[in-house]
Amino acid sequence: MKIVVLDDDPTGSQTVHGCLLLLRWDVDVLRKGLRHPSPLLFILANTRALAPDQAAFRNREICSALRQALAAEGMTPADVVLVSRGDSTLRGHGVLEPEVIAEELGPFDATLHVPAFFEGGRTTVNGVHLLNGEPVHSTAFGQDRLFGYSTSDLAAWLEEKSGGQIRSQTVQRLSLAQLDAAVEDQELKQEFKPGLTALRSWLAGLDGNQSVVVDAERAEQLGALAEALRQLAGQKRFLFRSAASLLKALAEIGPQPLSSTGLAGLRRSDSSGQSLPGPGRLPGLVMVGSHVPLADAQLACLLEAPECMGVELSVPRLAKILQMGSSDGRLAEFEQHCFNQLGEVLAIGCTPVLFTSRGELDCSTSAARLSFGVALAQLMARLAAALAPRLGYLISKGGITTHTLLAEGLGLEMVQLEGQILPGLSLVRPLAGDGLVDLPVLTFPGNLGNETTLLTAWRLMEAGGTGQ
């Protein structure tokens, strides 16, 4: 059965490989995706960059096109598993989006909320979502200006984010004990498996689109959940709001064919066939749009490398230009100045690191903040696209930054997901027929890793698979 994922940014595929990521959702593109042999299909909706009403509209638009594409392929919505993929630190439209999908492509017996992402240290215990053992609402992610929240108890979080429409006391919880009992049964060769049977029966008792919070501390627990769900296929229908770890369990796709060095070896060569460090190599470009504290630390660490040179894009200056309007040529002049700086760095043999000035811009409304964020990402995407024919690889940090780069800057309708070069860091490439075929883009979430992870990823790509 095909698993169709409506992803709110480009990083939700960070546990899987060998599938398509669609950057457009017209019916013809969706039909191509449905025909692809992978059990997974991602539709990159980029809704985390949108205001709630815009996000709802986009979800409805995608659902409508998907319904038409399914019909054209002789399928119905009941023939696919639908996942609304969201952030493992609970930012985004975590209640709104599955609600819209349920209205458009339902009915469902339950919506399962599974924000665990083990590769990033996100777990859920006793209904409380944790980041490296700490309640996630106490971290910088919980204080996000656009998507902040006051509790890590997921039932209470659902009530808070739904404006009281989902009452916390009505939320069901699938516990670690239930999952562990099913895990133990999976390891037994006996035919009767009481733990797995009990889990399946519990799930079978859900109806009326019940809200369910799923505990999870390790991959085996989600594997047991996925097995119980498969046994109920055709009998019950579930919708999921999840982070990336559940997708790996649902898809059962096995290990990725390429190692980290193999993926780094996909770095593009120049016309002489050279891709390794040395004369004639095609250089890389690093982009950092994310502004969370972890991204700040990773950027600072990368810029300590003597082979990297930063090009700062001034957020206050861009905001001032946009406020005055772009008709007088100031925006074009600012963009050309940044492009020239990037070219100068490439000319001396260093890796340019294009980054936005740190800190968040004070805006009068959330809508204004989102609008500026989109304009900023579009500028970065145009700069990267102008340099792309000269590049061997791109590293893009930040979900909105990366989506805008792929969809608007490079003008792609879909990319092939090759795999993860480091846990949670996916490498994608354009398909044959695109002008930038084989250009590897490393998609790097803003909230992942430690302070050295960006530096490590850059070193891998610079080595070009040689391990140097």
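I take contact to mean heavy atoms within 4.5 Å. I am working from a predicted model, in which local features need pLDDT of at least 70, side-chain atom pairs count only at pLDDT 80 or more, and totals for chains, interfaces and linings use all residues. Residues are numbered from 1 along each chain as its sequence is written, and side-chain values use heavy atoms, with hydrogens and water left out.

Entry on Ala69. I located Ala69 in helix α2 (residues 52-72); helices (H or I, at least four residues) and strands (E, at least two) are DSSP runs numbered from the N terminus. I noted Ala69 as buried because its relative accessibility is 0%; buried means under 20% relative accessible area, exposed over 50%, and partly exposed in between (1.4 Å probe, protein chains only). Setting aside neighbours within four places in sequence, I found Ala69 in contact with Val27, Leu30, Arg31 and Leu34. The C-alpha atoms of Ala69 and Val27 lie 5.2 Å apart, although 42 residues separate the two in sequence.

Entry on helix α5. In α5 (residues 176-186), I listed Leu176, Leu179, Ala182, Val183 and Asp185 as buried. The buried residues of α5 pack against β6 (122-125), β9 (172-174), α6 (194-204), β10 (210-214) and α7 (219-231).

Entry on strand β18. I checked the side chains of β18 (residues 441-444): Val441 and Thr443 point one way, Leu442 and Phe444 the other, and all are buried. Two strands pair if DSSP finds at least two bridges between them. Strand β15 (residues 393-397) runs parallel to β18, with 4 bridges, and Ser396 stands opposite Thr443. Strand β17 (residues 425-430) runs antiparallel to β18, with 3 bridges, and Val428 has Val441 as its bridge partner.
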